[in-house]
Amino acid sequence: MLEVAGISKNFGGVQAARDVGFTVPQGVIASLIGPNGAGKTTLFAMITGFHRPDRGTVRFCGEDITGLSPEAIARRGMVRTFQLVQPFAGQTVRDNIAVGAHLHIASRADALAYAGAVARKVGLGDRLDIDAAALTVAGRKRLEVARALATRPKLILLDEVMAGLNPSEIEAVIPIIRAIRDEGVTVLLIEHVMQAVMSLSEHTWVLNQGEIIAEGTASKVVADPRVIEAYLGKGMAERMRAREAANA
Ligand SMILES: Nc1ncnc2c1ncn2[C@@H]1O[C@H](COP(=O)(O)OP(=O)(O)OP(=O)(O)O)[C@@H](O)[C@H]1O
């Protein structure tokens, strides 16, 4: 469904992506993990048209979409969420979600009705008429997912939708994401909350310093010495093995 091939991006000497390639098949929940600054958000931005890659191609549903605008890509069925949620203040939750619905629904009344249906999918059905700015962090994260879902995507890219949530709020979001996939929307997550990655993700890529350093099931990649070192520093995998051997 999504085929990223050899994409690179340099920001004034910082290599945010270096020859990155991966393929997301239809119908899965997949994830992209990696330490802070690894280049995950830049990758999302290149896939969805917010940044143009210096090199490489992005194909979606068989079509080369490299360099298209975010709106053109959303019309083809791929949208992303943003880490920093900025609802339109002074507008209700329903109005905010309707902005996404207007991508494919011209009528105001129909877009508002569609927004209501999407809100219920993410557990915001009882908060439709409050000012979006009054939502808690957990509520805003759900609103961000709802705005993206309202565009009727085939593939949704979720950028850290669990960040800042407490463990019980995280537990509550996990089935929502699974239900999105079960309704036929393919999901690609950027996530630091490993509890969520482990529970949801069928395939995980690990990015470090702009490069993919490991891929596979979440439990496989977290045991990979290169991944441990990327997160914890050089030599750490070796020290952990030695400590485990000593304790055995
Ligand atoms: N617009 C930009 N201009 C200059 N440098 C940028 C820009 N966007 C990202 N970078 C740099 O590119 C690198 C990758 O950043 P990016 O935000 O993609 O990482 P990330 O993996 O999403 O990090 P985090 O987990 O902290 O969100 C960083 O060194 C960052 O400072």
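**A tour in questions**

Modeller: Just after H4, glycine 123 takes a positive phi of about 80°. This is a predicted model, where local features need pLDDT of at least 70 and side-chain atom pairs count only at pLDDT 80 or more, while totals for chains, interfaces and linings use all residues. Residues are numbered from 1 along each chain as its sequence is written.

Biologist: Which helices do the buried residues of H4 pack against?

Modeller: Helices here are DSSP runs of H or I with at least four residues, and strands are runs of E with at least two, numbered from the N terminus. Buried means 20 or more other C-beta atoms, placed from the backbone, within 10 Å of a residue's own; in H4 that gives Ala111, Tyr114, Ala115, Val118 and Ala119. They share one side of H4, because they cover an arc of only 145° around the axis (going by directions from the axis to the C-beta atoms). Their packing partners are helix H3 (93–101) and helix H5 (137–149).

Biologist: Is serine 201 buried or exposed?

Modeller: Serine 201 sits in the loop between helix H7 (194–200) and strand S9 (203–208). Exposed would take 12 or fewer neighbours, with partly exposed in between. Serine 201 has 25 C-beta neighbours inside 10 Å, so it counts as buried.

Methods. Contact = placed C-beta atoms within 7 Å.
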